[in-house]
Amino acid sequence: MERFFDNIFSSIGINDIFDILIISFIVYKILGFIQETRAQQLVKGLLMLVAAFFLSDVLNLYALNWILRQTMTLGVIALVVVFQPELRRGLEYVGRSKIVKAPFGQLDKEKAKNITDEFVKAVESFSSTRTGALIILERETSLTDIAETGTVIEADISAQLLGNIFYEGAPLHDGAVIIRGDQIFAAGCVLPLTENKDLNKSLGTRHRAGIGITENSDAIAMIVSEETGIISMAIDGKLTRFLDTKTVEKTLLNLYITDSDDNSFKFSRIFEKIGGRKDAK
């Protein structure tokens, strides 16, 4: 037995250890990504099919085994179709460059503070007057295709302009505003709706659109309910509701300032510290 283990360890080189560590890291990341999405339930179903295939082979259940074998032959195509949203999100995550700074990294702290103040004024006004608003802050994933569904503005961020855009009866008030860096890039934009079936039934199209865009990109969505005036934020497909303006201010400051120093910052940490109630993803 001792010679057996000696032979094993003597045949393992530094490259083999490095190879194993890389594969372990990739598997760990994939499992973590699956756990955070609805793919977790789909993977469970897939594992049950694989288990049924091997069990049918052991028990000589020929008809069932043949059906499962034919199903698994088309498994690769089926996986691409079933996991399409998750695969797209995963590939976008892998493709985000950490070498090139996001637009937020180009702002100094004074300008970031001024922009944040304008956002807070606008959101506070929307909440008090129960004006529905949907503001999307672009980060590393480009939202140019989304902006093309609306009207390109490319104007400086101001509470007055945001108020005019979302004023009921204004031509662009029904759509979303896209923020790129220190500018209002576009308004009246159409967003993809979330396919999450577990959301609170009281959430309307505005909230579902805000969640949907954060499922398909790394954008952050600020939402003000037209019915209740409740302020919400969506990040990574998760909605946090009942936020106050102080929370919004801290979140935006972390967005504009921390992104410049550490693009890997997780905004969910903010809500864990300063409040808000999360709805199920």
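Which residue forms a salt bridge with Lys111? Asp182 does, and the closest N and O atoms of the two are 2.6 Å apart. A salt bridge here is a side-chain nitrogen of Lys or Arg within 4 Å of a carboxyl oxygen of Asp or Glu.

This is a predicted model, in which local features need pLDDT of at least 70, side-chain atom pairs count only at pLDDT 80 or more, and totals for chains, interfaces and linings use all residues. Residues are numbered from 1 along each chain as its sequence is written, and side-chain values use heavy atoms, with hydrogens and water left out.

**Helix α7**

- Helices (H or I, at least four residues) and strands (E, at least two) are DSSP runs, numbered from the N terminus.
- Helix α7 covers residues 109–129, which is 21 residues.
- The expected span of a helix is 1.5 Å times one less than its number of residues.
- For α7 that gives 30 Å, and its end C-alpha atoms are 30 Å apart, so the two agree.
- Buried means under 20% relative accessible area, exposed means over 50%, and partly exposed lies in between (1.4 Å probe, protein chains only).
- Buried residues in α7 include Ala112, Ile115, Phe119 and Val123.
- Just after α7, Arg130 takes a positive phi of about 55 degrees.

**Salt bridges from α7**

- The structure holds 7 salt bridges.
- Asp182 sits in the loop between β3 (176–180) and β4 (183–189), and Lys111 sits in helix α7, so their pair ties together parts 71 residues apart in sequence.
- Asp182 is partly exposed because its relative accessibility is 23%.
- Lys111 is also partly exposed, at 36%.
- Lys113 and Glu249 meet through their side chains in a salt bridge of 3.9 Å, N to O.
- This pair links distant parts of the chain: Lys113 is in helix α7, Glu249 is in helix α11 (residues 245–261), and they are 136 residues apart.
- Lys113 is partly exposed at 31% relative accessibility, whereas Glu249 is buried at 17%.
- A network of salt bridges links Lys113, Asp117, Lys246 and Glu249.

- The side chains of Arg180 and Glu138 meet in a salt bridge of 2.6 Å, N to O.
- Arg180 lies in strand β3 and Glu138 in the loop between β1 (133–137) and α8 (144–147), so this pair ties together parts 42 residues apart in sequence.
- Arg180 is partly exposed, with a relative accessible area of 25%.
- Glu138 is buried, because its relative accessible area is 4%.
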